[in-house]
Amino acid sequence: MNNLYFAQYLVNENVLSPQEAKEYLKTCEETEPGIAVVALAEGAVSASKLAELVPFEKEAFPKLAVAEGVLFPSQLEKLQEVRSLDGLRLAQALLDNGKMDFIELGKQMAACGAEDGSPIKEAVRRLVEGNEELTAEAESYAEFTELFMRSFMRFMDTTAVVNFCEPEYEGMFASHIISQRLSGEISFVSGIYASDKVFVEMAQRYSREKIDDADELAEDSIAEFLNVVNGLFVVDLGKRDLDLDLEAPRIGKNKHPMGSRQLQLCIDTGFGSFELVMAADEFTLTEKRF
């Protein structure tokens, strides 16, 4: 199973609604997967076998599995070394809340693992479908979004999904936007647009420091993160013989971005939502209107 994009796969396939996904992402922040879920994801135990053993407490499964001959002690030891990846946290949360049983969970894990493409890219393609203004940018925006989401989940230690709903502006009266332009053979701009509350939480997670306000330290942390992601994107584009430079990040407070061929994606995480903004040229930061 593709642990990293399991949540996005479920949203794309309408197994979870965007609102359900948002709630489960919050639950994942406090959820640790049990060995049964890890064993299912790793293919060590079938869903039907786990269904036969139900009901059992999550913590009691290792002892039960050995006693029933479902797992050898050596297998159990290896499974206990598997990191608590975000897709596994979500799987456990779905079980705990009765959204799925082991049979359904096994079915969805197998289907996600069999996917050839990227659920993140697929989400972006759906969102720009029919928008003639963004046709030429669709693939580059999809590629950047996948790179951004992969980096975001790694550095911020949370599951995240591209939401198909309209962005929610509640709580955005106090906000920050950090943007950075790639210039050269092509022009591309990306930005992180978030309420101050979410902005501070992102800064704390990335910097691993205690940050209480959307101050200069928070701004520097998010600017550094965006610079890292854009740097990786420049490397990828360089493999296509595109020579690009990274310009200095720009910071806006309580401003709304307006750019050429702009796409705003609502990104839901376990600690709140924000917008990933992409455009073909530098944003004009305008006063927000609500």
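**Close-up 1. Residues of helix H3 that meet helix H7 in the predicted model.** Val37, Val38 and Ala41 in H3 meet Leu88, Ala91, Gln92 and Leu95 in H7, where contact means heavy atoms within 4.5 Å. By class, this contact of H3 with H7 comprises six nonpolar residues, one polar residue and no charged residues; Ala, Val, Leu, Ile, Met, Phe, Trp, Tyr, Cys and Pro count as nonpolar, Asp, Glu, Lys and Arg as charged, and the others, Gly among them, as polar. Helices (H or I, at least four residues) are DSSP runs, numbered from the N terminus. The model is predicted: local features need pLDDT of at least 70, side-chain atom pairs count only at pLDDT 80 or more, and totals for chains, interfaces and linings use all residues. Residues are numbered from 1 along each chain as its sequence is written, and side-chain values use heavy atoms, with hydrogens and water left out.

**Close-up 2. Crossing of H3 and H7.** The axes of helix H3 (residues 35-42) and helix H7 (residues 86-96) come within 10 Å and cross at roughly 120°. Axes are lines fitted to C-alpha atoms, for helices over the stretch in contact, and angles run from 0 to 180 degrees between N-to-C directions. H3 is therefore oblique to H7; angles under 35 degrees count as roughly parallel, over 145 as roughly antiparallel, 65 to 115 as roughly perpendicular and the rest as oblique. The crossing of H3 and H7 is right-handed, the near helix being turned clockwise from the far one by less than a right angle.

**Close-up 3. Contact of helix H2 with H7.** The axes of H2 (residues 18-28) and H7 come within 9 Å and cross at roughly 110°, which makes H2 roughly perpendicular to H7. Tyr24, Thr27 and Cys28 in H2 meet Arg89, Leu90, Ala93 and Leu94 in H7. Five nonpolar residues, one polar and one charged form this contact.

**Close-up 4. Packing of helix H9 with helix H10.** H9 (residues 119-128) and H10 (residues 138-156) pack at an angle of about 140°, with their axes 8 Å apart. The two helices are therefore oblique to each other, and H9 passes H10 in a right-handed crossing. Among the residues in contact are Ile120, Lys121 and Val124 in H9, and Tyr141, Glu146 and Met149 in H10.

Close-up 5. Glu146 has 15% relative accessibility and so counts as buried (under 20% relative accessible area, 1.4 Å probe, protein chains only). Residues up to four places away in sequence aside, Glu146 touches Tyr5, Ser118, Ile120 and Lys121.

Technical notes:
Buried < 20%, exposed > 50% of the residue type's maximum accessible area, 1.4 Å probe, protein only.
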